[in-house]
Amino acid sequence: MQTDFIYEALPTRVIFGEGKLDQLAPEIERLGAKRALVLSTPQQEDWAQHIAQSLGQASAGVFAGATMHTPVSVTEQALEHVKASNADCVVALGGGSTIGLGKAIALRTGLPQIAVPTTYAGSEMTPILGQTENGIKTTQRGAIIQPKTVIYDVNLTLTLPAGMSATSGLNAMAHAVEALYAQDRNPVISLMAEDGIRAMAEALPVIIHSPQDKAARLQAQYGAWLCGICLGSAGMALHHKLCHVLGGSFDLPHAETHAVMLPHTAAYNEPATEALSRAARALGTDNAGLGLWELAKKVNAPTALKDIGMAESDLDKALEIALKNPYWNPRPLEADSLRALLKRAWAGEAPSA
Ligand code: NAD
């Protein structure tokens, strides 16, 4: 039992359940706002327009330019829409990319945000914003960045394709796995992490065969919520660091990179921490790394960096960047072992300590 810790709850109001998108207008009012600008990616613009229309007088229109990695140039365009439309609140409808834009606007204007997540990435539950400018990604934290309200409506996840559901779900599980062994872990977050991993591990195999299965989608969304809280509440280590380098410096796709790396980083850390026994238990196995590897294969997620755009010749460079600024990890960062880890992940081999 952990007997020495600090626990601080994050203040987001969460509305969870099928059809809860109908609570959007009352929630805007509850925030004291009168005109909400709805944000989305170009791919989800139809939904955003539909929602804006349903808001009637409370709509300040749509900005559908959200894109991966929250480029500052896109945020600046969105800020012009905020100004021109007299918006006093933003509604981010979508995955981590759109929610990132909502956070970037809130950071610059202080406007309240409502997040309506449609993937499992978890950004809606964190006070963290990653943004890119001139090809460099920087991350910052702050209370103003955290959405005030989150509406989880399962109906908005039914269209998430099976492949993206699998990788997004594994991305969520990565937050919980790293929260279990985080230096600043605490018993409440560990409970959430274990249940989040369990919920996602049970739901994903059902979803990839039956994307319309509402019970499984609800379970995955519940898992995503818990895993998102883990990301917002505990410090991340080797796994998120490696994924940040692979995504930021080699432009690998976000969720797929997490999906490939998670079994390997868990296997690397497993000998150094008792905490991962909870992940193994949640996966119904006695080895977290292998359990995650089996799950990734079962849900047809990518298992090799070579299949998602990584050149073998760049592995040493990735390692060099990842080791440049040392950070805490339950197992010390050993260059030779990490090189071997990256090679296995690149080739799609089974994880090993
Ligand atoms: P995404 O938001 O980039 O979405 C990927 C694509 O899927 C987009 O085209 C989107 O429109 C589409 N999509 C989303 N939901 C859909 C649905 N239900 N049906 C059909 N299409 C749908 O993907 P993501 O993985 O959610 O987010 C990745 C980004 O979020 C990265 O930039 C990552 O760094 C960031 N992120 C940030 C945090 C944080 O706490 N700051 C946490 C997790 C992820």
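**Helix packing and ligand contacts**

In H5, Thr167, Ser168, Leu170, Asn171, Met173, Ala174 and Val177 meet His254, Ala255, Glu256, His258, Ala259, Leu262 and Ala266 of H9. Contact here means heavy atoms within 4.5 Å. The residues of this contact comprise eight nonpolar, five polar and one charged. Ala, Val, Leu, Ile, Met, Phe, Trp, Tyr, Cys and Pro count as nonpolar, Asp, Glu, Lys and Arg as charged, and the others, Gly among them, as polar.

The model is predicted: local features need pLDDT of at least 70, side-chain atom pairs count only at pLDDT 80 or more, and totals for chains, interfaces and linings use all residues. Residues are numbered from 1 along each chain as its sequence is written, and side-chain values use heavy atoms, with hydrogens and water left out.

Helix H5 spans residues 162-180 and helix H9 residues 254-269. Helices (H or I, at least four residues) are DSSP runs, numbered from the N terminus. The axes of H5 and H9 come within 8 Å and cross at roughly 45°. That angle makes H5 oblique to H9. Angles under 35 degrees count as roughly parallel, over 145 as roughly antiparallel, 65 to 115 as roughly perpendicular and the rest as oblique. Axes are lines fitted to C-alpha atoms over the stretch in contact, and angles run from 0 to 180 degrees between N-to-C directions. H5 passes H9 in a left-handed crossing, meaning that the near helix is turned anticlockwise from the far one by less than a right angle.

H5 also packs against helix H7 (residues 214-233), at an angle of about 40° and with the axes 8 Å apart. H5 is therefore oblique to H7. This crossing of H5 with H7 is left-handed. Ser165, Ala172, Met173, His175, Ala176 and Ala179 of H5 touch Arg217, Ala224, Cys227, Cys230 and Leu231 of H7. The contact has eight nonpolar, two polar and one charged residues.

H9 has a further partner in helix H11 (residues 288-298). Their axes come within 7 Å and cross at roughly 170°, which makes H9 roughly antiparallel to H11. Leu262, Pro263, His264, Ala266 and Ala267 in H9 meet Gly289, Leu292 and Trp293 in H11. By class, six residues are nonpolar, two are polar and none is charged.

Around the ligand stand 23 residues, of which Thr41, Ser97, Thr118, Thr119 and Thr126 come nearest. A residue is included if one of its heavy atoms lies within 4 Å. A polar side-chain atom of Thr41 is 2.6 Å from a ligand oxygen atom. A polar backbone atom of His69 lies 3.3 Å from an oxygen atom of the ligand.

How values were computed. Helices (H or I, at least four residues) and strands (E, at least two) are DSSP runs, numbered from the N terminus. A polar contact is a pair of N or O atoms within 3.5 Å; within protein, one must be able to donate a hydrogen and the other to accept it, and residues adjacent in sequence count only if both atoms are side-chain atoms.
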